[in-house]
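Biologist: Could you walk me through this protein and tell me what stands behind each label?

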Amino acid sequence: SVTEGHPDKVCDQIADQILDEILAEDPNARVACECIATTGMVYIVGEITTDCYVDIPKVARTLIAEIGYNSSDLGFDAETCGVLTAIDEQSSDIAQGVNQAYDSEESATGAGDQGMMFGYACNETEDYMPLPISLAHTLTKKLAEVRKKGILDYIRPDGKAQVTVEYLNGAVERVHTVVVSTQHAPEIETSKLREDIFKEVIAPCIPEELLDDETEILINPTGRFVLGGPRADSGLTGRKIIVDTYGGSAPHGGGSFSGKDPTKVDRSASYIARYAAKNVVAAGLATQCMIEIAYAIGVAEPVSIFVDTKGTGKLSDDK
């Protein structure tokens, strides 16, 4: 998992915030928004068709400040960074297939692209997500919490977490490794940071019964993480698609969610497949469920539907 200040995730959030602002005014807008971030610069590109007006640079700057990049001392400043935009309308060739589906005489919306999407759920956690990605997200949320509440005032916005879970006969056995890396102020000693991160972030987030004397805890393994965010590494929308889904516990069709309106099946089909899989597991029909859907551009109905309960279903997968 990555924190909100990770450069790729900064870009995902900017693209989605622009999408949200547009859909609030024009629910039928077509939005495919991409973002690049690097030292002192944000570049926003894409295809947007809408009747409303949104101040895109202002939206981006407001979000960047909320994330915590509000000072040149952090290497990235919402007020002074450059924001460039290059926006066109949606291609008319694509629009004609989305506006009127190839396989429907009615005004059904056609899929905005071809491709395959996956939804997955399991009974390892209360939210029906795989335990490794669930724990990793909990850690990165906690990093943001201790930073914004001032509990660890030397923490800065960029960070990552990774959790390795050991299974025995398909069931969670123990946590094998926990990795937490966080950007920090230059004056903090590594030993102090590691002590604080374990106490304030890892200990509250990882269930004690899953830790043992052999669990490996890696906190800022390089020893120093002062340079972070877009200054240290360029960011781009769509580079955290495994973070955004199941942490590698299920397949991925390759499409990003961020900055895309619901006609883009990369997003909407992934969401409905997850919804369906979650309800299968929540209803007790299986302990895990993976659903794959595939679409052709301009066609309303899926060209493929595949269900796999990994042999845990009370009914057959076909049923």
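What follows is a chat about the labels and the values behind them.

Modeller: Ground rules first: this is a predicted model, where local features need pLDDT of at least 70 and side-chain atom pairs count only at pLDDT 80 or more, while totals for chains, interfaces and linings use all residues. Residues are numbered from 1 along each chain as its sequence is written, and side-chain values use heavy atoms, with hydrogens and water left out.

Biologist: How many helices and strands does the protein have?

Modeller: Seven helices and 12 strands. Both are DSSP runs numbered from the N terminus: helices are H or I with at least four residues, strands are E with at least two.

Biologist: Why is strand β8 called largely enclosed?

Modeller: A residue is buried under 20% relative accessible area, exposed over 50%, and partly exposed in between (1.4 Å probe, protein chains only). In β8 (residues 171-184), 10 of the 14 residues are buried, so the rest of the structure largely encloses this strand. Across the protein, buried residues make up 48% of the 319.

Biologist: How do you know that β7 and β8 pair?

Modeller: Two strands pair if DSSP finds at least two bridges between them. Strand β7 (residues 155-168) and β8 have 11, in the antiparallel sense, so they count as a pair. Threonine 164 stands opposite threonine 177 in β8. The two strands form a hairpin with two residues between them, and asparagine 169 in the turn has a positive phi of about 55°.

Biologist: In which sense do β8 and β9 pair?

Modeller: Parallel, over four bridges, with β9 covering residues 216-219. Valine 180 has isoleucine 219 in β9 as its bridge partner. From β8 the chain goes through helix α5 (residues 190-205) to β9, a right-handed β-α-β crossover.

Biologist: What makes β5 and β10 edge strands?

Modeller: The open sheet here has the order β5-β2-β1-β10, with mixed pairing. Both β5 (82-88) and β10 (235-236) pair on one side only. Helix α1 (residues 7-25) packs on this sheet, touching β1, β2 (41-49) and β10, and makes about 150° with β1 in direction. Touching means contact, with heavy atoms within 4.5 Å. Such angles run from 0 to 180 degrees between N-to-C directions, with axes fitted to C-alpha atoms, for helices over the stretch in contact.

Biologist: How do you know that two bridges are enough for β1 and β10?

Modeller: The cut-off is at least two. Strand β1 (residues 30-38) and β10 are joined by two, running antiparallel, so they meet it. Isoleucine 36 has leucine 236 in β10 as its bridge partner.

Biologist: Which strands make up the open sheet of three?

Modeller: Its order is β6-β11-β12, with antiparallel pairing. The edge strands are β6 (115-122) and β12 (304-308), each pairing on one side only.

How values were computed: A crossover is right-handed if, with the strands pointing away from the viewer, the path from the first strand over the helix to the second runs clockwise.
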